[in-house]
Amino acid sequence: GGGHRIPAHLSILGSNTILEGKKTVFPFLIMAPSYMAKLGARLFVVFLWLTINAGIAAATIQGYIGDIDMTCPSVCRCDEDFIYCNDRGLSSIPSLPPSASVLYLQNNHINNPGLPTSLERHLSVRVVYLYDNELDEFPMHLPPSVRELHLQDNNIRTIPRSTLARMPLLEKLHLDDNSISTVSIEDQAFADNPRLRLLFLSRNHLSSIPSGLPASLEELRLDDNRISTIPTHAFRGLNSLRCLVLDGNLLANQRIADDTFSRLSNLTELSLVRNSLQTPPVNLPSAHLQRLSLQDNALTHMPRGSLDGMHRLQRLDLSGNNLTTLPRGLFKDLDSLGQLLVRGNPWHCGCNLRWLYDWLSARGNTITVRGLTCHGPDRVRDMALIDLGSEMEECEVVRLTGTKEKGAVGGVESSTTNAPSQGSLFTLRSKRPGFGFPDSGLDYTLSSSGVGKSLALNVKPLSHNSIPGIIGGATATVSLALILGVFCWYGHRTGNLCSRDHYTRSSSRKSKTYDDYIESGTKKDNTILEIHGPGFQMTPMPACQPMQPKPLREDYIIHTIFPSNGTGLYKGSNHVSNAGHGTNRGYREGGVPDIDYCYT
């Protein structure tokens, strides 16, 4: 009505009649039955599709959550592929999710039976922390994909090759604080680990450098062991080694081969702290060395040229030794030196260190010096060398004979004690002891202090005029020796002198030195006590409780002697030929305590 036509397929909501005479807009219209049926079917299909997809998604999320809850151990915490099972008091390794890559299992009570065989199937594991547990043997059944393994602070005694061969990708191995000895490392134990770059064996029971180390090794730590000898071939083939730590061992100059460290051409850090070195080892690698640590030894002398060629050296530590001076020109090649640590030495800041004062002044702020404090003379005690500007200016060496030195600070330009022999036990050729001669043409003053008169000594070079006198003296000495030899020969022939019967045969048995071991059929050596047949000397052991009845069998004491490394059999001040050392009482007097006896 009112000029508005309504389509035939539409009807008014709630009525079948058409309103007339009113201009009304119908906001709610219902479709025709046929069209409505089609639309309802389509809506139902859409609703059903949405319902099915929502159910699938919910099931997937719930299954994923349930899978995580099922594979991550309840006693551990999982953060993606990092599994934290440390400090849980575990005695065995629980089931792990297959996506685990880093396992934190330290500070537990895990032993070797607590390592499941299923651990080998976790091929995504790269790092394993098993330190501070109760492992007695090298762990087996570890994944072959492991690249970093921490086993320190256990009780591991052996390193078998078969177990290491199961981890061909291993790059870092930490075995600190265990019970590994040199003989317990199997030959070629690391032959199947061509990627091993870092090996830590600190605080074990090693007596020598392990053999068969891989050529890929870049860092080797053997500190706090019992290593006393380093032969020439100890580091053969380790051309990639960059860091070597040998702190806290029993190393001495005579037991280090001359060419030991020269083979390590790429070495950048060498640490020999807390040993028994009197001088730096000879032939140190100089091409790439950046850090050299020699503190807490027994250094008394730094030979001239021992630091030559070390143009890249950045840090030198000589603390805690017995150095009083340094030879001129010792630091001539140390262009890159930035840290010089020399505290704990009795430095004598005389004119002998004028060159070092000038060298430090020229370097300025480019170098940091710690501990260069004067111990003597008294007038400069506890003063830093770099602060002795006015005193060092007085150290002008006068080259004219008989001229006094202008108020020298420390008197004579002295050196430390004579340098010990640089040869080692591995060098077959004999070496003559070196003699140090003062520089010729220079005046050296002898005085106890900087005040008072001083005596100037002028050292002159050996002139050609003195050579005939030396030859004449040598000729006279040889002639006297020949005359004395002829005289002794004549007396020997006549029986008046040098007679063979000088020692009579009536000497008593007590005047001769006899060895109980030789008499009992035992061969004695300074390093090995070898028993032949019934050579023991048995002594009945008294019963600890006299009230107990006498046992059916008797117990005996076998005294064994263990000489210390590098020393003789006896430690006493008397000579070895003392007859008292041929008995057990002599061993006690020689410094071997009763607790060192082996009771069986």
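**Exercise 1. Is Asp 358 buried, partly exposed or exposed, and at what relative accessibility?**

Solution. The model is predicted: local features require pLDDT of at least 70, side-chain atom pairs count only at pLDDT 80 or more, and totals for chains, interfaces and linings use all residues. Residues are numbered from 1 along each chain as its sequence is written, and side-chain values use heavy atoms, with hydrogens and water left out.

Step 1. Buried means under 20% relative accessible area, exposed over 50%, and partly exposed in between (1.4 Å probe, protein chains only).
Step 2. Asp 358 has 35% relative accessibility and therefore counts as partly exposed.
Step 3. Asp 358 belongs to helix α3, residues 354-363; helices (H or I, at least four residues) and strands (E, at least two) are DSSP runs, numbered from the N terminus.
Step 4. Between the C-alpha atoms of Asp 358 and Ile 386, which are 28 residues apart along the chain, the separation is 8.9 Å.

**Exercise 2. Determine why Ser 293 counts as buried, and list its contacts.**

Solution. Step 1. Ser 293 is part of strand β11, which covers residues 291-293.
Step 1. Its relative accessibility is 9%, so Ser 293 counts as buried.
Step 2. A contact means heavy atoms within 4.5 Å. Beyond its neighbours within four places in sequence, Ser 293 touches Leu 270, Ser 271, Leu 272, Val 273, Arg 315 and Asp 317.

**Exercise 3. Describe the nonpolar cores and the part that Phe 331 takes in them.**

Solution. Step 1. A nonpolar core is a set of buried Ala, Val, Leu, Ile, Met, Phe, Trp, Tyr and Cys residues joined through side-chain atoms within 4.5 Å.
Step 1. The largest such core has 93 residues, and Phe 235, Phe 261 and Phe 331 have the most contacts inside it. Helix α3 gives the most to this core, with five residues.
Step 2. A second, separate core of five residues includes Val 102, Tyr 104, Val 127 and Tyr 129.
Step 3. Leaving aside neighbours within four places in sequence, the contacts of Phe 331 are Leu 307, Leu 316, Leu 326, Leu 340, Trp 355, Leu 356 and Trp 359.

**Exercise 4. Characterise the pair formed by Phe 331 and Trp 355.**

Solution. Step 1. Rings of Phe, Tyr and Trp (its six-membered ring) pair if their centres lie within 6.5 Å; planes under 30 degrees apart count as stacked, over 60 as edge-to-face and the rest as tilted. The structure holds six aromatic pairs.
Step 1. Phe 331 and Trp 355 are edge-to-face, at 5.8 Å centre to centre with 65° between the planes.
Step 2. Phe 331 lies in the loop between β12 (315-317) and β13 (339-341) and Trp 355 in helix α3, so the pair ties together parts that are 24 residues apart in sequence.
Step 3. Phe 331 and Trp 355 are both buried.
Step 4. One aromatic cluster consists of Tyr 84, Tyr 104, Tyr 129 and Tyr 131.
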